[in-house]
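Work through the exercises below with the sequence and the model side by side, and try each task before reading its solution.

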Amino acid sequence: MTELESRRTDQRSTTSRRRFIAATGALGGTAALAACGGGGGDAGEGSDLVGVGNNGQAGRGRSGDSAEHLFIAGFQWSPPTNFNTFAGAPAWPAAANVAQYVYETLLRFHIVSGELKPGLAASYEVSGSESITLTLQDGITWHDGSAFTTDDVLYTFELGKIDPSLGIAAFWLEVDEMTAEGNTISIAINQERKNVGMVLTNLAQQFIVPKAVFEKAAAETGNKLATWETQELMGTGPFTLETADQTQVILARHDDYWGKDFYGGLPAMSKIVHPIFKSNEDGNIKFQNGELDVMQQFVPQISKMWESNKPVGTYLQDEPYFVPGSMPLLMMNTTKPGLDDPAVRKALAHAVDYASIAETAMSGYSSQVLASLIVPDGAEDQWLDRDKAEADGWTYDAAKAEELLQAAGYAKGSDGFYAKDGVKLGPWKLITPQGWTDWNAALEIVAKNLQAIGVDASTNFPQQAQAQTAIQNGDFDMCCWYVAGTNPATPWQRFSDVMSNEDMVPAGQTAYRNLTRWENAEVNDLLAAAAAASDDASKKAAMTALDDLYRTAVPVFPLMYRPDEFFEFNASNWSNWPTEDNDYAPPMFRGAGNEWIFKIKQIGA
């Protein structure tokens, strides 16, 4: 997996125009990694510790200053050039909706339970579909010691009006008004849309930025905040930016952090060091050797690490090892002859060997996929009607696929491929970006499966920018692509991304949802009903109705499940990592996952 694979789950953004000053005493990249490996010793039994490797083993800790440092990887793949959280490609940790080490959010999402935990807001209350009220924590300060106020919160969201090109502008599609009195913020929800889930998602994902800094940035750029460049950032979080260069990003613990009482102390580590690697392979080697403590990147057959006595662990002890949070989809362009037929699309869904994709492309990290746009297990599972998904859906059955094609009037020609009324099923290209190795491998399996049933299909892997443009513009036959990962608004947001008929654009124009351009007269009403559902029972009924329609139309189908973030740790220097049996925090780097930076324990200290 490449840099793009690690970062593709979300489109992220970031903050400021002042220049950073490299702090004296900052670790150089080579020195940091050398120190990281020193004094650790071999892995030993961790029976007196919890949150250690999946083999029950732990290391003996590092020596020197690096023993107090956390080495992390998988988020930054090139030298950092801009820490503006609203830029197109901001550097870690300013990229939006990643770890809340410098910037923080009002609420924190828990990907396993689905709950929203306090963040900068101590509490929140939803009043039906009409309003949301938040009460801020007491005593929050920015890193420069100035007070954090409701003005900072209001201004952060107002930036979506000041510069409508920013992603936060979408907040105002769902919200009519946001006001404050004292320490309380009131949000009036748009009563035509009544989409509480999307509002809560914004509250859980949007970094709150300092008004004083961004007012100056807006003035400097003529309100074009995305164009602002800065090498410094100032937030409310437990770390500050110490150093950023060609080899690494280093964060230093902020000992005056407002949240030390709320979290029961300061983070366990004095610094967080993110080395910048050229490839996944470089990072994986350092990780296996205990020179990285935790990371977010694809590791093929990670179980081999603990089988070879490395103290490597994952949240789940058994396959799939990672909590599912997203579903790469096979999308079919429904404007193409043949693919405009739902019978063909359902036949293709039956033709795919999902178990082979899970084992070969995903190293066993995906459970068996269901015929549903709802991610099973974890936060979304409560909305899934599993019985209907199994009874009314599809599984790998090549004979069934051909039966469906024949029942729909298709017959094989002399070339071995099905056709009907002069319309041949293919030749079709299956595209996804070059270098997204698990997706490349998945499509190779799909192409082979389709050829086996008499559909002319082959793969093509353009560069990421070329592939994305083709997919958004409708210039494709079939593709492997992604939509919303698990968040407070899913599965509704995923149904909307896949099926919404709002703002439909013809092929040749850029689409941001319904990339298959599937048309249906009833889906928008179903989406509106699901968004406005006032209780869990009616919400599940609405989600089931959407899933029923989806299974009838099959504009896309999931190829595999993927974690929203890979969460892999090496217990050479730190123990008490969150696991299924030690579940004080979810396997996340952002949101509620922030909890573990306060709770892991230095081995040998």
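**Exercise 1.** Determine which residue takes a positive phi in the hairpin of β6 and β7, and how the two strands pair.

*Solution.* The hairpin of β6 and β7 has 3 residues between the strands, and there G128 takes a positive phi near 55°. Next, turn to the pairing: strand β6 (residues 121–127) and strand β7 (residues 131–136) run antiparallel and are joined by 6 bridges. For one of the partners, take A121, whose bridge partner in β7 is L136. Strands here are DSSP runs of E with at least two residues, helices are runs of H or I with at least four, and both are numbered from the N terminus; two strands pair if DSSP finds at least two bridges between them. The model is predicted, so that local features need pLDDT of at least 70 and side-chain atom pairs count only at pLDDT 80 or more, while totals for chains, interfaces and linings use all residues. Residues are numbered from 1 along each chain as its sequence is written, and side-chain values use heavy atoms, with hydrogens and water left out.

**Exercise 2.** Decide whether helix α5 is largely enclosed or left open by the rest of the structure.

*Solution.* Begin with the criterion: buried means under 20% relative accessible area, exposed over 50%, and partly exposed in between, with a 1.4 Å probe and protein chains only. In helix α5 (residues 196–205), 9 of the 10 residues are buried, so the helix is largely enclosed by the rest of the structure. The buried residues are V196, G197, M198, V199, L200, T201, N202, L203 and A204.

**Exercise 3.** Compare the radius of gyration of the protein with that of a compact globule.

*Solution.* The radius of gyration is taken over C-alpha atoms, and the globule rule is 2.2 Å times the number of residues to the power 0.38. For 605 residues a compact globule would have a radius near 25 Å, and the protein, with 24 Å, agrees. Along its principal axes the C-alpha trace spans about 75 × 55 × 45 Å, and 59% of the 605 residues count as buried.
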